[in-house]
Amino acid sequence: MNLKKLSWFTVFGLVSLSGFGQQKRILDHNRIGWFVYNGDHELSKKWSLHTEYQWRRIDYIRTWQQSLARLGVKYKLTEKVQLGGGYTYFVTFPYGDHPVADQGVPTPEHRLYQDLELADTAGRFVLSHRFRLEERWLSEQTPGDPRRISGWSYENRVRYQITVNYPLKGATIDNGEFYLTFFDELFISFGKNAGANIYNQNRILGGLGYQFRDNFQLELGFLNQITQHAETDPTTGNPVFEFNNGFRLNVAFGF
């Protein structure tokens with residue numbers, strides 16, 4: 001799969017999402033700050049343990065947006081192909097003018113996921129393609145007592161992410177050097193409980209990274225997140241879209 005084909009795939013996803021623009025939409029704009037830790041810790045030549053935490057904030061750092069904790073394993077099939085899977089605990093807090101957590105309390109979610117990761121290069125560009133399948137259990141709150149969970153709604157979602165890194169010095173990214181980083185990720189929900197948000201979400205980031213050593217990188221980028229809510233606005237019946245802009249600080253470290 002070459003870069004040109006992947007570019008067209010990404011453009012198709014963005015056009016599909018923007019196609020909803022012909023409907024009368026409600027727009028909810030938020031300023032976000034995401035603080036992310038990623039760790040891949042080698043257990044053997046083939047196996048590694050993946051640990052991840054994301055501290056997502058509104059108004060850059062002032063209040064909660066979401067919390068994500070992920071634990072998984074990865075298996076190196078070849079030097080360019082890697083398989084993975086694991087568990088994610090995700091919490092959405094009330095935020096914005098049209099909160100998903102519309103009962104005023106945080107809403108938890110459990111996920112299982114399976115990954116296929118492909119490594120590639122195109123000249124000096126270092127590419128990574130990740131295909132992720134998720135099984136999601138979203139909490140349903142009890143009317144009149146929103147802190148009590150009455151059940152779980154099951155959904156499926158597929159995600160595709162392309163990441164591109166570009167060295168600013170030399171032909172490769174080496175220790176003690178800066179590099180440019182970019183990613184685009186498209187989320188598509190499916191199944192009977194997906195609701196209106198088949199094209200669930202899109203994220204685009206561009207920024208600067210620094211590699212301290214092979215297993216330690218620091219990245220800071222500008223993040224644009226577009227999300228469609230599963231449920232329409234209860235007053236107007238119109239679809240709700242979040243347009244969230246801000247920064248993402250990512251620390252990647254592994255033993």
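**View 1. The largest nonpolar core of the predicted model.** Eight residues make up this core, namely I32, W34, V36, I58, Y95, F183, L205 and L223. Strand β1, which covers residues 26-42, gives the most to the core, with three residues. In soluble globular proteins, nonpolar side chains tend to be buried together.

View 2. L223, a member of the largest nonpolar core, has its place in strand β10, which covers residues 216-228. Its relative accessibility is 0%, and because buried means under 20%, L223 counts as buried. Leaving aside neighbours within four places in sequence, L223 is in contact with I32, W34, F183, R203, I204, L205, N244, N245, G246, F247 and R248. Although L223 and R31 are 192 residues apart in sequence, they are 10.0 Å apart in space, C-alpha to C-alpha.

**View 3. Contacts of Y95.** Y95, also listed in the largest nonpolar core, is in contact with N30, I58, W64, Q65, Q66, E242 and N244, once neighbours within four places in sequence are left aside.

**View 4. A nonpolar patch on the surface.** Y87, Y89, L112, W137, I149, W152 and Y154 form this patch, and together they have about 610 Å² of accessible area. Strands β4 (81-92) and β7 (145-167) each supply at least two residues of the patch, while β7 gives the most, with three residues. I149 is found in strand β7, and because its relative accessibility is 35%, I149 counts as partly exposed.

Conventions
Residues numbered from 1 in each chain as written. Predicted model: local features only at pLDDT ≥ 70, side-chain atom pairs only at ≥ 80, totals over all residues. Heavy atoms only, no water. Core = buried A, V, L, I, M, F, W, Y, C linked by side-chain atoms within 4.5 Å. Buried < 20%, exposed > 50% of the residue type's maximum accessible area, 1.4 Å probe, protein only. Helix = DSSP H or I, 4+ residues; strand = E, 2+ residues; numbered from the N terminus. Contact = heavy atoms within 4.5 Å. Patch = residues over 30% accessible without salt bridge, like charges linked within 9 Å, V, L, I, M, F, W, Y side chains within 5 Å. Areas by Shrake-Rupley, 256 points an atom, 1.4 Å probe, with all protein chains shown as cover. Salt bridge = Lys/Arg side-chain N within 4 Å of Asp/Glu carboxyl O.
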